[in-house]
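Please open the model in your viewer and keep the selection tool at hand. The tour below moves from the whole chain to single side chains.

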Amino acid sequence: MSAQLLEAGPARDPLSLVFASLADPTRRAILARLKGGPKTVGELGEPFDMSGPAVSKHLRVLERAGLVSRSRMAQARPAKLEAAPLEQVAEWAEEFREFWDERFDRLDDYLATMTDDTTEDEA
């Protein structure tokens with residue numbers, strides 16, 4: 001989804017905003033870079049072949065999702081990672097991990113019965 005759609009679209013629930021912002025690999029890379037501490041637009045743009053305004057657009061999408069905050073230090077406006085919204089993503093994903101764990105447990109049980117049957121046939 002483009003940054004324009006995220007910025008101009010109707011208000012969404014917080015989890016949808018986080019997922020939409022994480023859908024872009026550049027924004028995920030920006031968040032990874034921010035794990036090391038606050039960075040300016042110029043510092044964030046260094047590894048990418050993009051202009052400062054393009055990095056700023058990505059930052060606005062991340063800000064709207066609550067994943068980034070920006071402060072003012074002299075002329076710079078460093079961006080800082082705000083990880084709290086990622087906790088919502090982790091909680092949402094946890095429900096599915098539990099679902100798959102249950103499925104794998106049932107598969108393990110089934111495979112164990114197959115192994116028991118094979119062992120009995122060989123005896």
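Predicted model: local features only at pLDDT ≥ 70, side-chain atom pairs only at ≥ 80, totals over all residues.

Residues are numbered from 1 along each chain as its sequence is written, and side-chain values use heavy atoms, with hydrogens and water left out.

Begin with a cartoon view, where the protein has six helices and two strands, running α-α-α-α-α-β-β-α from the N terminus on; helices (H or I, at least four residues) and strands (E, at least two) are DSSP runs, numbered from the N terminus. Buried residues make up 26% of the 123 residues in the protein, where buried means under 20% relative accessible area, exposed means over 50%, and partly exposed lies in between.

Next, select Leu44, Leu59, Leu62, Leu67 and Val68, which have the most contacts inside the largest nonpolar core, a set of 16 residues. Such a core consists of buried Ala, Val, Leu, Ile, Met, Phe, Trp, Tyr and Cys residues joined through side-chain atoms within 4.5 Å. Helix H2 (14-22), helix H3 (25-34), helix H4 (41-45) and helix H5 (52-64) each supply at least two residues of this core. If you centre on Val68 and leave aside its neighbours within four places in sequence, its contacts (heavy atoms within 4.5 Å) include Leu31, Leu34, Ala79 and Lys80.

Now turn to the aromatic rings and select Trp92 and Phe96, a tilted pair at 4.8 Å centre to centre with 50° between the planes. Rings of Phe, Tyr and Trp (its six-membered ring) pair if their centres lie within 6.5 Å, and planes under 30 degrees apart count as stacked, over 60 as edge-to-face and the rest as tilted. Because Trp92 and Phe96 are four residues apart in helix H6 (residues 84-122), they are separated by about one helical turn.

Finally, select Arg103, whose charged end sits over the ring of Trp100, 5.9 Å from its centre; the rule asks for NZ of Lys or CZ of Arg within 6 Å of the ring centre and within 35 degrees of the ring normal. Trp100 itself is partly exposed, at 44% relative accessibility.

Terms used:
Buried < 20%, exposed > 50% of the residue type's maximum accessible area, 1.4 Å probe, protein only.
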